[in-house]
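Please examine the following structure with attention to its charged side-chain pairs and to the packing of its helices.

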Amino acid sequence: MTRPLLLRFVSVIGASTSFYLLLSVVPRYAEAYGGGHAAGLASGALLLATVGGGLAAPRLVARFGYRPPLVAALVLLGAPALVLTVSGSTVWITAVCVVRGLGFGVTVVAGGALTASLIPPERRGEGLALVGVVSGVPSLAALPLGVWWAAHAGYGPVCAAGAVAALAAIVSVLGVPDRESASERSIGVLAGFRTAALLRPVVVFSATALAAGIIVTFLPLAVPSASAGVVAVALFVQAAAATVARWAAGRHGDRHGPASLVVPGLVVSAAGTLLTALTHSPVAVVVGVALFGVGFGATQNATLSLMYARVPESGYSTVSALWNVAYDAGMAVGAVGFGILAARTGYPWAFALTAALMLTALVPAWRDRLADGARR
């Protein structure tokens with residue numbers, strides 16, 4: 001808990017608050033003026049731009065260091081929120097979402113690389129888990145707060161608050177150390193995808209992220225409407241279990257190595273997804289998503305810690321980009337693919353088939369374990 005790490009937490013909280021405060025508010029604003037297609041366009045533009053910003057971040061960090069890209073990204077995330085309500089045009093709202101998405105993508109990837117550089121390697125697992133808690137709490141609070149606030153006070157005050165959260169965090173970035181000129185050449189994103197030692201953990205994590213996107217999107221639809229309270233409990237349990245497991249996995253990984261947790265995390269998350277297929281049993285649903293949360297949290301921490309350990313500091317931004325692309329793309333593909341599958345098979349079979357698909361990632365996970373043992 002050094003001073004630079006605490007300052008980094010300020011920008012984490014600011015960026016997360018700004019992003020999640022408006023995440024559900026902007027689609028509602030777009031729908032109010034342009035209809036349902038405008039809401040979908042706004043959300044899609046935001047998420048695609050986030051991926052694009054994340055992919056561009058490693059090159060920016062390699063050229064300018066950590067601080068300038070982070071400052072610029074926080075401006076891109078915050079400033080457009082101030083002018084969102086100037087117009088209800090779909091083009092205007094989409095443009096604002098694109099700019100904010102680019103900013104958020106850079107803050108996540110460049111900020112993630114900076115965070116990794118501030119944590120001692122021997123405490124990286126637990127440190128990354130702590131960062132997950134710091135970023136997770138604002139997201140859990142800001143998402144419902146934004147919707148409630150917009151309903152009671154209008155869109156303007158919420159947008160202003162989202163802007164202030166990001167822009168105020170800029171001051172904290174000025175106090176963190178910048179990237180030192182490294183003797184090693186930076187690793188590009190494409191080179192990272194071609195590196196087996198990085199690609200295998202990415203594939204494994206994307207398999208669990210795929211199920212995460214499915215559970216968040218479709219659990220409210222798959223569980224009978226009479227059990228609506230079960231869904232709320234289950235989603236809370238899943239998030240809590242993932243947070244606790246991420247912390248426990250970090251402590252274990254620091255002491256015994258993160259590689260030993262990848263396969264168990266994948267198997268437990270697949271088992272939880274399979275149990276969730278019993279959608280008419282409230283107990284099975286809650287226990288299933290809890291198991292999934294445990295496996296997902298463990299896999300989150302283990303894969304990210306493993307990837308950071310396999311590159312020099314000059315490659316941290318590339319690792320952050322690859323991991324976040326796996327997260328975002330896995331959730332998006334899961335949500336879209338599951339919807340098509342469930343329309344043909346029904347929700348229970350779709351959950352069961354998803355669990356089976358997740359287990360195919362055991363092949364790269366096991367190969368990675370063998371390769372890691374050979375390196376040692």
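This is a predicted model: local features need pLDDT of at least 70, side-chain atom pairs count only at pLDDT 80 or more; totals for chains, interfaces and linings use all residues.

D368 belongs to helix α16 (residues 362-375) and R200 to helix α10 (residues 196-222), so the pair ties together parts that are 168 residues apart in sequence. Both D368 and R200 are buried; for D368 the relative accessible area is 6%.

D368 also meets R310 in a salt bridge, at 2.8 Å from N to O. Because R310 lies in the loop between α13 (282-309) and α14 (316-345), whereas D368 lies in helix α16, this pair ties together parts that are 58 residues apart in sequence.

The structure holds four salt bridges. Another of them joins the side chains of E126 and R251, at 3.0 Å from N to O. E126 lies in helix α6 (residues 124-153) and R251 in helix α11 (residues 228-256), so parts that are 125 residues apart in sequence are tied together by this pair. E126 counts as buried because its relative accessibility is 9%, whereas R251, at 35%, counts as partly exposed. R123, E126 and R251 are linked in a network of salt bridges.

Helix packing can be followed in helix α1 (residues 3-23) and helix α4 (residues 67-82), which pack at an angle of about 30 degrees with their axes 11 Å apart. Angles under 35 degrees count as roughly parallel, so α1 is roughly parallel to α4. The crossing of α1 past α4 is left-handed. R8, A15, S18 and L22 in α1 meet L70, L74, L77 and A81 in α4. By class, this contact of α1 with α4 comprises six nonpolar residues, one polar and one charged.

Terms used:
Residues are numbered from 1 along each chain as its sequence is written. Side-chain values use heavy atoms; hydrogens and water are left out. Axes are lines fitted to C-alpha atoms, for helices over the stretch in contact, and angles run from 0 to 180 degrees between N-to-C directions. Helices (H or I, at least four residues) and strands (E, at least two) are DSSP runs, numbered from the N terminus. Angles under 35 degrees count as roughly parallel, over 145 as roughly antiparallel, 65 to 115 as roughly perpendicular and the rest as oblique. A crossing is left-handed if the near helix is turned anticlockwise from the far one by less than a right angle, and right-handed if clockwise. Contact means heavy atoms within 4.5 Å. Ala, Val, Leu, Ile, Met, Phe, Trp, Tyr, Cys and Pro count as nonpolar, Asp, Glu, Lys and Arg as charged, and the others, Gly among them, as polar. Buried means under 20% relative accessible area, exposed over 50%, partly exposed in between (1.4 Å probe, protein chains only).
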